[in-house]
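Thank you for asking me to look through this model with you. My remarks are set out as numbered points, so that each can be checked against the picture in turn.

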Amino acid sequence: MNSSLAEERKSGGLLIGLDIGGTKLHGLLVDRAGRVFESETLPTGAEEGSDAITGRIYRLTERLLPRGSRVDAIGIGVPGPLDAHAGVILKTENLPFRNLPLAAMMRERFGMPVILENDGSAAAWGEYSFGPAKGADPLVYLTVSTGIGAGAVAGGKLYRGKNGNALEAGHIPLLAGKGPVCACGGRGCAEALASGKAIAEKAAEAAQAARERRGAPTRLSTLAVPQAADVFSLASGGDEVAERILSEALSFIGYCAATLAVLFDPQAIVVGGGLARSGPRVGEAVRSAIAATPTCAAGGCTVISPGLGDNAGALGAASLAAKTEHGSIR
Ligand SMILES: [Zn+2]
C-alpha cells in the first residue's frame with residue numbers, strides 16, 4: 001500500500017467508481033480528489049446474459065475493495081435508459097439488462113451507498129471535475145464508441161433530466177423516420193448512423209458486396225469481421241470505400257455535436273470515447289461542424305480532447321457517489 005492510500009485509510013475517504021460498458025467493465029478505487037489507487041478491467045461478456053455480467057460486476061468491485069480500509073460509497077455509470085432515482089437500469093441496447101435494480105443489489109452485497117448514473121453523464125462529470133476542461137461551464141461531453149452518448153454540466157450541476165436520461169445523444173433522430181432502424185426502435189438515430197457499431201455494420205456490408213463483386217473493391221473484404229477501427233485505419237491508408245463510410249459517419253457525428261452546442265451554448269465540448277481516442281478524425285469532424293454552424297461558431301465554444309481516457313466515467317461516478325453518500329434518492 002502506498003503512503004497516499006494509507007492517509008486515505010485514516011480519513012476513510014475512499015470511493016469506488018465503475019463504468020459498465022458494452023465490451024468492458026472498468027472500475028477504480030479513488031479518493032475525493034480523483035486520485036486513482038487501483039484500476040481493474042474485466043470483459044463484459046454481454047452474450048453470457050444479465051446474471052453473468054452482474055457476477056462480474058461483483059467480482060470487479062471485490063477486487064477493488066481495499067483490505068482494512070473503509071469505502072464510503074460506490075458510483076456506477078451505466079448505459080441508459082435508467083431510473084436514476086430508483087437505481088434501476090430499465091433497458092440497455094448493447095447489454096441484456098431489463099429492469100435490473102443494480103443499485104439495491106450492490107447495496108445489499110457491499111453494505112454501502114450505491115448510486116447509478118447515466119454513463120455519458122458520469123463521464124461529463126468526471127471531465128468537468130478532473131479533466132483538462134475542469135470547471136468549463138456549461139460543459140458538454142460527447143462520447144463516440146460502440147454507441148454514442150453525451151452528458152452536460154450547467155451551473156455547476158449535472159444536467160440529468162427528469163429520470164437521469166438527458167442527452168441520450170445517440171437517439172437524436174438525425175434522419176427522422178428515415179435511414180436505418182436503431183436498437184431503440186426509432187429510425188435514423190445518430191447511433192444507427194455513426195456509432196462504432198453502425199460503422200462496423202456498414203463495413204461488413206461493403207466487404208460482402210466487394211466479395212460478390214456487386215460493390216467497389218475494398219481491403220475491408222480481406223477481413224473476416226471488419227471493425228470500426230479497421231475502417232479508420234484503411235481510410236487513412238487511402239481505401240476509398242472505407243473513407244466513404246467514415247466520412248459519412250463523421251458528418252453525422254458533427255451534426256450531433258453541433259445540435260448539442262446549439263442547445264447548450266457550452267464553454268467547451270469534450271469529445272471522448274474509443275473512436276474519438278483512436279485518432280484525430282472524430283475531434284476534427286466535431287471542430288469543423290461547430291465552425292460551420294454560425295450559432296455555435298459565434299459562441300466561441302472550444303472542442304477539447306478528454307484527458308482522463310477510459311477513467312472519465314468511473315471517476316465521475318465515484319465523485320457523484322461522494323456527493324450523495326446517503327443513498328440513491330437524490
Ligand atoms: Zn435510437
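This is a predicted model: local features need pLDDT of at least 70, side-chain atom pairs count only at pLDDT 80 or more; totals for chains, interfaces and linings use all residues.

1. I would begin with strand 12, which spans residues 268–272 and is mostly covered, since five of its five residues are buried. The cover is found on both faces of the strand, with Ala268, Val270 and Gly272 buried on one side, and Ile269 and Val271 buried on the other.

2. Strand 9, residues 139–144, pairs with strand 12 in the parallel sense over five bridges, and here tyrosine 141 stands opposite valine 270. Strand 13, residues 302–304, also pairs with strand 12 in the parallel sense, over three bridges, and in this pairing alanine 268 stands opposite threonine 302.

3. Strand 6, residues 88–91, pairs with strand 7 over two bridges, and isoleucine 89 has leucine 100 as its bridge partner in strand 7.

4. Turning to the helices, helix 8 (residues 240–264) packs with helix 10 (residues 281–291) at an angle of about 50 degrees, their axes being 8 Å apart. Helix 8 is therefore oblique to helix 10, and the crossing of the two is right-handed. Among the residues that make the contact are Leu250, Ile253 and Ala257 of helix 8, together with Val282, Ala285 and Ile290 of helix 10. Sorted by class, this contact has eleven nonpolar, three polar and one charged residues.

5. Is glycine 131 buried or exposed? This residue lies in the loop between helix 4 (119–130) and strand 9, and it counts as buried because it has 28 C-beta neighbours inside 10 Å, where 20 or more are required. Leaving aside neighbours within four places in sequence, the contacts of glycine 131 include Val270, Pro306 and Ala312. Glycine 34 is 97 residues away from glycine 131 in sequence, yet the two are 9.8 Å apart in space, C-alpha to C-alpha.

Definitions and conventions: Residues are numbered from 1 along each chain as its sequence is written. A residue is buried if 20 or more other C-beta atoms lie within 10 Å of its own, exposed if 12 or fewer, and partly exposed in between; C-beta atoms are placed from the backbone. Helices (H or I, at least four residues) and strands (E, at least two) are DSSP runs, numbered from the N terminus. Two strands pair if DSSP finds at least two bridges between them. Axes are lines fitted to C-alpha atoms, for helices over the stretch in contact, and angles run from 0 to 180 degrees between N-to-C directions. Angles under 35 degrees count as roughly parallel, over 145 as roughly antiparallel, 65 to 115 as roughly perpendicular and the rest as oblique. A crossing is left-handed if the near helix is turned anticlockwise from the far one by less than a right angle, and right-handed if clockwise. Two residues are in contact if their C-beta atoms, placed from the backbone, lie within 7 Å. Ala, Val, Leu, Ile, Met, Phe, Trp, Tyr, Cys and Pro count as nonpolar, Asp, Glu, Lys and Arg as charged, and the others, Gly among them, as polar.
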